[in-house]
Amino acid sequence: MADVIITLTLEGIEMATITIDDTLYEVADGANILEAVLSLGLDLPYFCWHPALGSVGSCRQCAVLQFQNEEDERGRIVMGCMTAVSDGMLLSLSNDKAVDFRADVIESLMTNHPHDCPVCAEGGECHLQDMTVMSGHRNRRYDGLKNTHVNQDLGPLINHEMNRCIACYRCTRYYRDYAGGTDLAAMGSHDHVYFGRHEDGTLESEFAGNLVEVCPTGVFTDKALVNDYTRKWDLQSAPSICVGCAVGCNIAPGERYGRLKRIHNRYNHEVNGYFLCDRGRFGGSFVNSDKRLLSAGWKLDDDVFSPLNSEQALAQLQTLCLSGDGLYAIGSPRASLESNWMLRTLVGRDKFCSGFGAEDAALRATVSAIVEGGVHTATLPEVEAADLVIILGEDVTQTAPRLALALRQTVRNVGLEQAATMGVQYWQDTAVRNIAQNTRTPLIELVTASTRLADIASDTVTFAPADIARVGFALAHALGAGPEVDGLSSTDIALVARLQALVDNAERPLIISGCSSHNVSVVAAAQSVAAAVAQKHASTRVVYVAPEANSVGLGLLDPNALSLEEIGAAARNGEIKTLVVLENDLYRRAPKAQVDALLGSVANLVVLDTMEHLTAEAAQLVLPVASYAECEGTLVNNEGRAQRFYPPITASEDRPPAWHWLRSLAGAMKHSSLAELTQIDDVIDAIATDVPLLAGVIDASPKASYRDRVGLKAARQPHRYSGRTAMYANKTLHEPKTQADDDSALAYSMEGESQSLPGALRSFVWDPGWNSNQSLHKFQDEIGGSLKGGSSGARLINATGHPVSGRSDVPDAFERRQGSWCLTPQYRLYGSDEMSAYATPVAEMMTGAPITLSPADVESLALGAEDGVSIVIDELSVDCAVIIDPLLPAGTAGFVVGHPEMLNLRAGSYVALEKKQDFMRVPEVIVTDGVRAHG
Amino acid sequence: MIDRPLTQHLRQDGSPVFMTDYRGGGGYEGLRRVLADSSPEDCLQQVKDSRLRGRGGAGFPTGMKWSFVPMGEKAGVGPKYLIANADEMEPGTFKDRIILEQDPHQLIEGMILASYALQANVAYIFLRGEYTVAAERIETAIKECYSAGYLGENIQGSGYSLELHLHRSAGRYICGEETALISALEGKRANPRPKPPFPQVSGLWGRPTIVNNVETLCNITHILTHGAQWYQSLGIGQDSGTKLFGASGNVNNPGCWELPMGTPIREILEQHAGGMREGYTLRGFLPGGGSTDFLTPDHLDLAMDYDVIGKAGSRMGTGTMIILDDRHCPIAMVRNLSHFFAQESCGFCTPCRDGIPWIVQLLDRFESGQATEADLALLEEKARFIGGMGNTHCALAPGAMEPVTSALKYFRDDFERHIHDGRCHYHSDVGGH
């Protein structure tokens, strides 16, 4: 099935032979000259063109000379990015006319650019610096005044320095056209054009952080980096995986002095392409938090932890775990496969709980749908190629943000087709958008509340979760699969008919669902819809969204692991003497009473984690572990893709990877097969042997024994790294010994060949003359294609091609209850995720924990603009501000999943609400573009 | 037969002609007859045969432009649009204003007929923001048309319907560029668009769109009423019809006159503009507005035809001349124009946005006596870079450089004298700046 799209694409590509400076080249016909030239590995300077944004022809920097025929000696200046290559084309990049023209352009651009490179955060990885050098502009001839601008405060994430702007328009094109933002614009005109907001204020887009990499100079920079600065050449980086959600975006975190300084996108064309979301970019610095567990702690009777050294800690661990039977463990969807697997193997399958929270059942259904649904899960390019999107129960922008950014490109497909019929190439960005106007590929959301995709959705229809499932089952039935659904309203019947017609007319439909409505039926209905659609269209794709970085991995590790309820029951029965909790704060997983009861029924509690939290506080023994930035590990994303993360920071001996603690324990427990696993590669081999579904993890990344063609490991430090000799020069004149890394094929070193590295081992992109991340094209097969050394990760699940419906028990329709409200979960980019909330920039972006109500319910509760509500459950009451969502179904109340004040609320439960007068005024919260709710 | 169709209704006192008087002079008679007797195809053929060329400056054959608009089922679903480009902002140009203020029905009738020929059902007048008097009068005229059944549903029982809107521009010179105008009308930044797609195929809101200059559209009524042959016969040179010519500067009678295409420049300057004011000698002139190359007294006997002026190294542009006399500094004049164009750059592409301000800065150095030979070389280099066709995203910058490069060609001695004397030698003279 995967072949369908690829064949379509390949069939469309014909090669053209062109001549550049008297040399013949084969390039893809219809590409523009600039991308063809870059794909050939040649240099041509540019600014406004971006591989993901296409061409507009504003900067004029990529000019080349085109000749009409062999006799034409004069030639004509054409813009590389705006001119399609065609067979027999004659070009020159090096002719004086072209060279002089490009020198004139850069000289013009630089007339207003300040000479502040030494103090600019972009310096050393600045595309403008690179292109200025490449274009040969050195001596300044303009002696007039420079234009200056007032900078804006754009919030906690992004720094603004407009004086550096060269007006390439990339920022607004990315922010508005690509990412759908509305609050950044080009304003003013002529040489006073200004790129900013209408007034100071936090950028609203969830993808604003990409401006840092999209801007070719230092206008938009990472505020945290600016305030804790290190140049690119002094950063030690590693190929890593974002732990912010289950999309598994590839990231390149950079380190200096043991601190994580910044996160850059790490290109993987199948997962995240050129972009990240802001939770991922700015949330990964939780590893710098002062809430990190620094040393092991042993709690005596006075409830105060005494610090232990590693040996003491290990001794205590052994004491607690070896004292007879009753050793149970709870794993974690935010911990690596390696640590989870070792823990499960150590305690035995029947005593291992996955540690999922309220989404447990829905998540198991989701993993089952991924594995057994028989429909191929879409890669990023496949998402972007879809011609129909049906979303069941996911607010994708909040639960899988990078997917939402991809969907913003998917909806352009109709317009791209229109443009193609007019002979306009897809990369002619302005032309395509002018042709398409507001025509969009159909995207229908069946969700529980307003979403941030409403501006591109052809329909956002809201239901209580049970009714989403019912409409889903009805659609599956209409398409010929599964049971009939009785009692649908006439509007729902019409909706089903409309969806059915859209499915009939589609060729590459995409069904998106997942577990964020905490409802098994929604997932089952989505699986049935996908199966029914796939019966009609072989190129049907699905994406099932899971909540955490390794939710799917843990689901694959053991689909039948204990739930928290089951382990709670075992504890009540006195079966658990010692409970080991791996990287998991149980108070975020279940209501307080349930967790208190569980922990109160076990004699010994051991917690291994990176952070202090309530569960750790309740433990007798706390063991600090390395974070994703300090150790290797494997995560499995939504797609079932196993991906390895590597540390940019060396782990301290006091904080080893969790599996190191467990391996030591295994030795004491005489679990010799575990104890013998010395390196992570051994663990990975053991996992692959032990768990058939995870057999492919071996291929996620090269083994530690990998060496490049000159026999070296892959470098974490760029060639100009000053660290080794300069970093501690104020303390010692001796060069510190290079840190060894026996676990991976990466070295804490500058040495190593860069060109042919596998994607999974590439820590940074840097090429002679291309110091910025724009050098990426030097490492791609073709512009926008895969990395030359292969993309990172390995897909573990290949769809059978035999679609299987979900469990087909149709739920009862949602019923409003007088005086009580059914809680529906709502995810927030900032706040629902546990770890990113420890990162300072993300913490500053978090808003309060409001309850969302429909306008009708706000009226029935007689809530004024400044009133809140009290939620009463189990004799506990929580006071909340209120957001009005015009689309929320009456009788439901949305709560923020994962917010510390809302951890006791359970999806699907009915709660009483009481008016809380003059509670507080909540700052305006954006529900969707143009609709602002207030509390 | 009339020989001055465009100005036939105008009154000496400049007061507007509204419906009663317009109809009294035969107005809307042509519309009624065409709607009753002619098909859209007939109309298009007539316009083609008339060899009418766009009066906005580029002189592109109107019939050919229209023929790119998809007709019938080929047009797809949705409206087609006609837009009157009334954003008259070319320096020295005030020809459309006369019609817009004094004879708005002439434009509207032309627009209805053009819309009918193109089978467009929605039309806009994109009016320069500063033309407030014209705005009021056009509004009045549009209301009169709706009342009289010349606009709206089923015009004059023909089955053809047209909505006409007046849009008052927020005011940028670049809106005179048709694709920038379309962007502005859509509520976007007034940046010119890349072509293809051409507006005829995909313009306003992505639909087929024709943008014509006001004067061009006014001609349509007369062509369809009196025929292509008659229209061709109005011109005395190579081109058809009449043209609103104008002159400004130190002439005795600055103004705007309707004259046959091909009228010699000398006749316009000496007879209609009344020759140079006493004490002033003609040094040169921009034949078609601020974005055309200088011509000199040597060119006075040329006919005002698109191709003739083109061959002489300039453009007929809007046909409204700006006169340079011997007592004004040519550098100051082009500096003033360059400043205008620098301000009016939309800011989209580099040579225009950052290049023209540099030209202004260099010209300032000449005017303040600081310029060197190196500055003169730099000025020539930068003018070539900015002015080269295809070097920029649209034609604004090449247009802006036409007076600069032609001044360097014809008035080079002035530039050199500024360098040599270290001052502007016109400063002591009357009104040098």
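These notebook entries record what I looked up in a predicted model.

**Conventions.** I number residues from 1 along each chain as its sequence is written, and chains are lettered from A in the order in which they are written. Local features need pLDDT of at least 70 and side-chain atom pairs count only at pLDDT 80 or more, while totals for chains, interfaces and linings use all residues.

**Chain B.** I found 17 helices and 8 strands in chain B; helices (H or I, at least four residues) and strands (E, at least two) are DSSP runs, numbered from the N terminus. The radius of gyration, taken over C-alpha atoms, is 22 Å for chain B, which agrees with the value near 22 Å of a compact globule of 433 residues; the globule rule is 2.2 Å times the number of residues to the power 0.38. I noted that 58% of the 433 residues are buried, that is, with 20 or more other C-beta atoms within 10 Å of their own, the C-beta atoms being placed from the backbone.

**Contact of chains A and B.** I looked up how many residues each chain gives to the contact. Chain A gives 34 residues and chain B gives 32 residues, where two residues are in contact if their C-beta atoms, placed from the backbone, lie within 7 Å. On the side of chain A that touches chain B, β4 (76–79), α3 (96–109) and α16 (429–436) of chain A each supply at least two residues.

**A sheet in chain A.** I traced an open, antiparallel sheet of 3 strands in the order β26-β27-β30 (chain A); two strands pair if DSSP finds at least two bridges between them. β26 (633–636) and β30 (794–795) of chain A are the edge strands, each pairing on one side only. β26(A) is joined to β27 (residues 641–645) of chain A by 4 bridges, and A:Val636 stands opposite A:Ala642 in β27(A).

Notes:
Buried ≥ 20, exposed ≤ 12 C-beta atoms within 10 Å, placed from the backbone.
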